[in-house]
Amino acid sequence: PTKVRFESLMRAATIAKDVLRERQQAISYYMLAIQIDGIDQVSILVAFEETLKLLLSSTIVKQGASIDILGEIEAENQDPLQLSLQLCNFVGNKYPNEPLVDEFRGATLRKLKQPNSAYQSYEKAMIKSREHYLNCRNESQQNSEDNCFVHLKKFISTSILVAAAAREAGISFDDQMSCLAAAENYAVPVLASAQEYDDEETHMTKDDLISEMVELYNNMGVLEKKRGSLHEAMKYFRKALDINPTDGHAIVQLASISSQDDDGRSISHVKELDRGYVAGLFDGYSSRFESELVDVLKYVGHELVYNSLRDALPNATSIGTIVDLGCGTGLLGELIATGMPWVAIHGTDLSQRMVDISLERKTGSGGRAVYSTVSNLDASEFLSNFDEASVDCVVASDVFIYIGDVSDVLGECMKCLVKNGLVGFTVESYETTEADSGLRLLPSGRFGHSKEYVYQMAEKHGFQVLS
């Protein structure tokens with residue numbers, strides 16, 4: 001039966017993607033599922049979305065992977081980006097009013113460096129999303145806005161994409177802002193009139209809409225900041241924080257403008273950033289992380305940590321287990337795996353895309369995998385999974401600058417480290433004042449740690465500073 005065949009292909013694709021990590025095979029299974037007749041639109045769009053996410057992933061595109069084209073989808077070649085366009089055409093012909101197709105077509109065209117075409121596709125997605133929302137609202141007899149949160153959220157998210165694509169296409173600031181302002185005009189009355197819900201599913205849908213509004217205000221703030229209207233920018237970032245007081249993006253942006261906002265409330269004394277912001281930051285940065293960080297900015301933090309680690313180890317062969325916090329793409333892990341091949345390295349990162357990249361990293365050309373395991377957990381939670389005295393070293397290259405208060409992390413390090421175990425990390429220093437705590441959110445959006453703060457935390461958790 002077609003439904004059983006579709007579900008089997010979806011399961012096979014999931015196993016290939018998440019268990020076997022055979023992404024190209026997963027794409028082939030998803031494509032076969034998409035082409036089955038008699039399957040409902042929602043299910044086909046789920047398969048379509050999963051396929052496009054894989055086709056547009058940095059790993060697939062960077063490798064220039066050749067995909068096995070199965071079924072009736074025609075493509076001039078097996079290039080992932082060209083195949084992505086063909087798949088958009090295939091699904092778009094079946095569902096011409098579906099904004100998701102235009103959204104992914106826009107994402108593909110952005111990767112193909114076609115900003116004007118990408119802008120046009122995103123604009124189509126925005127128009128269709130708005131029509132879906134208006135139709136939903138007009139067709140509903142009662143609590144119309146409440147029943148249409150999903151469509152309104154999609155309209156907001158596509159409006160944000162249109163504004164970003166307009167910027168890349170060289171379209172004016174006023175036109176960019178008009179896209180965002182239109183979405184705000186639709187959303188504000190809905191949020192103002194929405195009541196609390198006992199229905200858990202509806203409540204979660206409303207929460208998703210609220211999160212999208214935070215992103216909308218952050219984008220409006222960034223746009224005003226780029227055209228030099230700092231007062232207007234702060235107003236929008238404060239609106240985002242009024243909705244979510246811990247939103248990392250808004251906090252960082254406000255800190256980059258001033259240590260205080262218009263109400264005199266301190267921004268730079270924030271002690272931590274929410275995990276979702278940090279994860280999203282590096283998800284978006286993952287595809288160009290090494291090219292910009294190492295090749296352009298000449299980053300050497302991973303080398304500093306590795307060299308300090310080797311200098312502190314008179315007998316490195318006694319080391320068996322190292323934990324790499326915020327492992328990123330695996331720069332530090334590869335240095336350790338190459339110089340100390342007998343060591344088991346366990347990494348973790350908040351960014352799932354960074355995790356995916358580091359899992360595939362190997363030493364040298366065709367060498368062994370750098371990491372024994374890589375998890376998608378924050379530093380403290382990851383360390384808490386290790387038994388007492390089971391880890392020889394913990395390393396963190398440019399990680400504490402995004403954690404802020406490192407007391408909990410160092411406490412977990414002490415619990416899992418063996419006697420005389422080591423913690424190696426980098427921090428960003430800054431000029432302190434007499435009343436300063438030694439920890440400050442800097443205009444760069446990263447945390448600064450004073451030398452006094454590092455020594456204080458080391459003493460608090462029973463560490464001795466070696467260098």
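**View 1. Cys136 in the predicted model.** Cys136 is buried, with a relative accessible area of 14%, where buried means under 20% relative accessible area, exposed over 50% and partly exposed in between, computed with a 1.4 Å probe and protein chains only. This is a predicted model, in which local features need pLDDT of at least 70 and side-chain atom pairs count only at pLDDT 80 or more, whereas totals for chains, interfaces and linings use all residues. Residues are numbered from 1 along each chain as its sequence is written, and side-chain values use heavy atoms, with hydrogens and water left out.

**View 2. The disulfide between Cys136 and Cys148.** The structure holds 1 disulfide, a term for a pair of cysteine sulfur atoms within 2.5 Å; here the sulfur atoms of Cys136 and Cys148 lie 1.9 Å apart. Cys136 belongs to helix 7 (residues 115–139), while Cys148 sits in the loop between helix 8 (144–147) and helix 9 (149–168), and the two cysteines are 12 residues apart. Helices are DSSP runs of H or I with at least four residues, strands are runs of E with at least two, and both are numbered from the N terminus. Because the torsion about the S-S bond of Cys136 and Cys148 is about -90 degrees, the disulfide is left-handed. Cys148 is buried, with a relative accessible area of 1%.

**View 3. Cys88 and Cys393.** Cys88 is buried, with a relative accessible area of 0%, and for Cys393, which is buried, the value is 0%.

**View 4. The chain around these sites.** The chain contains 22 helices and 7 strands, and 48% of its 467 residues count as buried.
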